[in-house]
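Please examine the sequence and the model shown here before reading on. The paragraphs below are meant to be read beside them.

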Amino acid sequence: MSNPRYHNGNLRRKYRARFKAMNAPCGICKGRLGEIHYNEPSDSDHPLSFVIDEIKPVSKYKLFGYNSKVECAQDWNNLQAAHWCCNASKGAKTQTATLVRIKNDVTPSKAW
């Protein structure tokens with residue numbers, strides 16, 4: 001089976017152009033690593049380069065109510081701009097799992 005992200009290559013190119021025009025920050029690190037380098041090639045040689053991240057992983061499309069991987073990959077509300085390195089470290093996890101882990105690392109202040 002081919003990659004569902006590129007099932008409709010024209011739509012994916014439009015989404016990439018839209019994120020670039022918005023100069024959107026990384027949805028994973030929220031800009032902690034700095035701005036996304038939109039004009040660099042998206043590969044491991046350019047870790048801050050731009051990729052489109054699926055918030056709800058395509059591999060788990062059924063868990064989120066999508067009928068197909070293609071539908072999951074093409075849903076604008078399921079996409080966000082991301083650094084290549086942030087997306088690579090996130091893998092097929094959801095952000096809520098990452099946020100929960102971060103919250104559990106926070107120690108309450110003595111005022112509590």
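Predicted model: local features only at pLDDT ≥ 70, side-chain atom pairs only at ≥ 80, totals over all residues.

Residues are numbered from 1 along each chain as its sequence is written, and side-chain values use heavy atoms, with hydrogens and water left out.

The chain contains four helices and two strands. Helices (H or I, at least four residues) and strands (E, at least two) are DSSP runs, numbered from the N terminus. Read from that end, the order of the elements is α-β-α-β-α-α. Of the 112 residues in the chain, 30% are buried. The term buried denotes under 20% relative accessible area, exposed over 50%, and partly exposed the range in between, with a 1.4 Å probe and protein chains only. The chain exposes about 7500 Å², of which carbon and sulfur atoms supply 54%; accessible areas come from the Shrake-Rupley method with a 1.4 Å probe, and for residues only the protein chains shown count as cover. Among contacts between residues at least 6 apart in sequence, 68% join residues at least 24 apart, where contact means heavy atoms within 4.5 Å.

The interior may be considered next. In soluble globular proteins, nonpolar side chains tend to be buried together. A nonpolar core is defined here as a set of buried Ala, Val, Leu, Ile, Met, Phe, Trp, Tyr and Cys residues joined through side-chain atoms within 4.5 Å. The largest such core has 15 residues, of which Phe19, Cys26, Ile36, Tyr38, Phe50, Ile52 and Ala81 touch the most other members. H1, S1 and strand S2 (79–83) are the elements that give two or more residues to this core. Apart from it lies another core, of five residues, including Tyr61, Tyr66, Cys72 and Ala73.

Which residues does Ala81 contact, leaving aside its neighbours within four places in sequence? They are Phe19, Ala24, Pro25, Cys26, Gly27, Ile36, Tyr38, Phe50 and Val51. Ala81 is located in strand S2, and it is buried, since its relative accessible area is 2%. The C-alpha atoms of Ala81 and Ala24 are 6.2 Å apart in space, while the two residues are 57 residues apart in sequence.

Cys26 belongs to the loop between H1 and S1 and is buried, because its relative accessible area is 2%. Not counting residues up to four places away in sequence, Cys26 touches Gly31, Ile36, Ala81, Ala82, His83 and Cys86. Ile36, with its neighbours within four places in sequence left aside, is in contact with Ala24, Pro25, Cys26, Leu48, Ser49, Phe50, Ala81, Ala82 and His83.

Asn23 is found in the loop between helix H1 (9–22) and strand S1 (50–54). Its phi is positive, about 50°, although Asn23 is not a glycine. Asn23 counts as partly exposed because its relative accessible area is 47%. Lys30, also placed in the loop between H1 and S1, is a residue other than glycine with a positive phi near 60°. Lys30 counts as exposed, because its relative accessibility is 57%. Asn39 is found in the loop between H1 and S1, and it counts as exposed because its relative accessibility is 67%. Asn39 and Ser49 are 10 residues apart along the chain, and their C-alpha atoms are separated by 7.4 Å.

Finally, the structure holds one cavity of 30 Å³ or more. On a 1 Å grid over the protein atoms alone, a cavity is a set of points where a 1.4 Å probe fits but cannot get out, and lining residues have an atom within 4 Å of a point. Grid points are joined across faces, edges and corners, and a volume is the space filled by probe spheres set on the points. The largest cavity has a volume of about 30 Å³. Its lining is formed by Arg5, Asn8, Leu11, Arg12, Tyr15, Ala73 and Gln74. H1 and helix H2 (69–74) are the elements that give two or more residues to this lining, and H1 gives the most, with three residues.

Notes. 1 Å grid on protein atoms, 1.4 Å probe; cavity = no way out; pocket = protein on both sides within 12 Å on 5 of 7 lines; lining within 4 Å.
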